[in-house]
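Dear colleague,

Please find the structure below for your records.

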Amino acid sequence: MSEKIFNIDDLQNIKVEGEKYIILQIGPSHPGSGHMRIKVWLDGDIIVKVDPDIGFVHRTSEWLSERREWIKAIPIVERIMLPDTVHANLAYVLAVEKLLGIEPPPRAQYLRSLVAEINRITSHLYGIGIFGIFLGSSTVYMWAFGDREPFIDLMEMLTGARITTSYIIPGGVRWDIPNGFKERAETVLQYMERRLKDYEDIWVKNPVVQARTINVGVLKKEDAISLGVVGPNLRASGVYYDTRKHQPYAAYPNLDFEVPTMKNGDAYDRLLIRVEEIKQSIRMIRQILKDLPEGKIIADQIYNQLNPVMKKNYEEKKRVMFPAFMIHMRPPPGEATAKVEAGRGEIFFYIKSTGDKYPYRFRWVTPSFRNLPFFTHVAVGHRLADLPTIYGSIDYFPPEADR
Amino acid sequence: MNIKDELLKISANVVIDEKKANYKIIIEDPVKIFDAASSLKNLGFDHVVSVTGVDYPDKVEVIWHVSSYSVEDLKGINLALTLPVKKPERVNQNEAQGNFASKKPPVTVPSLVKIWPSAIFNEREAFEMFGIIFEGHPDLRYLLLPEEFYETWPMRKDFTYNRVNLLKYLRCLLNE
């Protein structure tokens, strides 16, 4: 276990030459590491040094987005963060809206929060399922992936697509809430609450799980702050920080929710915090469906650009079709930053416009990329058998880190 | 604490957009960047969100986006620490013919990893994409790019690639 505080000089000071250490390469095509390679130096079976080698699924999303019209970046960022598509979409649109100076109407804000919270539950269930298979429990893996389905069906009902929804556009959202959605959502939420009790019995309070995760992969509060860890992993170490509270966006200023934090910062706390966040998301979805305001789902600046056929379509089917403005969009010169709390942590966007057809600089940082220090720091001092536990507990997603 | 006054003590060149909670400090002299970063850390900006470059025809702007986890007042602020660096002239035109993409000289700035350890992977990415050499970085290696892109700095605006040479290069790899 790493008792001392992280020091940047340690990277140079570790002497790993000579015959004493075994160098083990885990990945890049290994079920325990996904599309990345973890290079591990071992003394016996104690980990001495870890070097994460990423980039095997680098898809040049920044380069591509700088050479396309503004609206075409939405599908690109979605396909990078597949379990978290709505948040990537939302973060980019928030940055573009800051440049354009458009404020979406309240109903659109609530619908954005609704779809984001549904997506957060699917993302956490994905993480819990992967953690389960890493610890050798196929049951939880099957359960979690099965229980994702009702929520994905909800997304399909609302947006027309299961995963890559492209639901949020500058100025609002694309579809209004369909008939029967509220009743269906309530059924799904009640089902999930029942299932959470089952998860606690078979998985969360299971002595085998506790024995393998408690005091494994401890990240102290000071280290979590200095290493810039994000999301549930940060809050499991006891830092009270959530972008939804501290830099509110969408409907979050109006919603009543808590930010759960833990004390120990070990793998077990990182599991517990995901379960707690699912409970908070269920609470928020209920509030949103109860308080959903009436009105338009698209800002007036965009609505006025619709042609008569599109307006008729909007009134009858509650569907926003793309006006020509979207493809010829030229935001005024300037720069904008946006932060969004995704399932795995905080997405950061920095966009610079020169008033041109394409973005001049398109920079984004994903939560998995910022969670990389876990490998270099937290795994050191553990046995090799604990590496899958640590890897699974941080909910790392290689395509998201490589971008 | 009035954040604006504190920032003005560090540098006279401060751009503030209160509405969007965006703050920007511009440091012209690379020598002063280390002191500026230290004083920001003492204020409470304890981690780096992103390190990136913005490429212009004559300069590269290096931006450290920092934020705070520990000070309650600063949690809502996105601060950009900006350092514009002039690009060096291209010395040897003939050297550019060998690789499939033309080689350009890198720029050099001080690394802030000693102050903010969270910048370690971000600075590696900015190095390979923009050709920004961070002096004092303990582990400045390529992170995302494969080796045929070495020293091509693909995120710069004048990046072009010669497809014929790229194919030749890939064929060489296959023959090995």
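Phe349(A) stands opposite Trp364(A), a residue of β8(A). The strand β7 (residues 346–353) of chain A is joined to β8(A) by five bridges, and the two run antiparallel. Strands (E, at least two residues) and helices (H or I, at least four) are DSSP runs, numbered from the N terminus; two strands count as paired if DSSP finds at least two bridges between them.

This is a predicted model, in which local features need pLDDT of at least 70 and side-chain atom pairs count only at pLDDT 80 or more, while totals for chains, interfaces and linings use all residues. Residues are numbered from 1 along each chain as its sequence is written, and chains are lettered from A and ligands numbered from 1 in the order in which they are written.

The sheet in question is open and has three strands in the order β6-β7-β8 (chain A), paired antiparallel. Its edge strands, β6 (334–341) and β8 (361–365) of chain A, each pair on one side only. Neighbouring strands are turned by 10 degrees against each other on average, direction ignored. Angles run from 0 to 180 degrees between N-to-C directions, and axes are lines fitted to C-alpha atoms, for helices over the stretch in contact. Helix α4 (residues 85–100) of chain A packs on this sheet, touching β6 and β7 of chain A, and its direction makes about 150 degrees with that of β6(A). Contact requires that the C-beta atoms of two residues, placed from the backbone, lie within 7 Å.

Chain A also holds an open sheet of three strands in the order β1-β2-β3, again with antiparallel pairing. β1 (22–26) and β3 (46–53) of chain A stand at its edges with a single partner strand each, so one side of each has no neighbour in the sheet. Here neighbouring strands are turned by 20 degrees on average, direction ignored. Five bridges pair β1(A) with strand β2 (residues 37–43) of chain A in the antiparallel sense; Gln25(A) has Lys39(A) in β2(A) as its bridge partner.

Helices α5 (residues 106–134) and α6 (residues 138–159) of chain A pack at an angle of about 165 degrees, their axes 8 Å apart. α5(A) and α6(A) are therefore roughly antiparallel, a term for angles over 145 degrees.

Lastly, 30 residues of chain A are in contact with 28 residues of chain B. Among the elements that each supply at least two residues to the chain A side are β6, β7 and β8 of chain A.

Kind regards

Conventions. Parallel < 35°, antiparallel > 145°, perpendicular 65-115°, else oblique.
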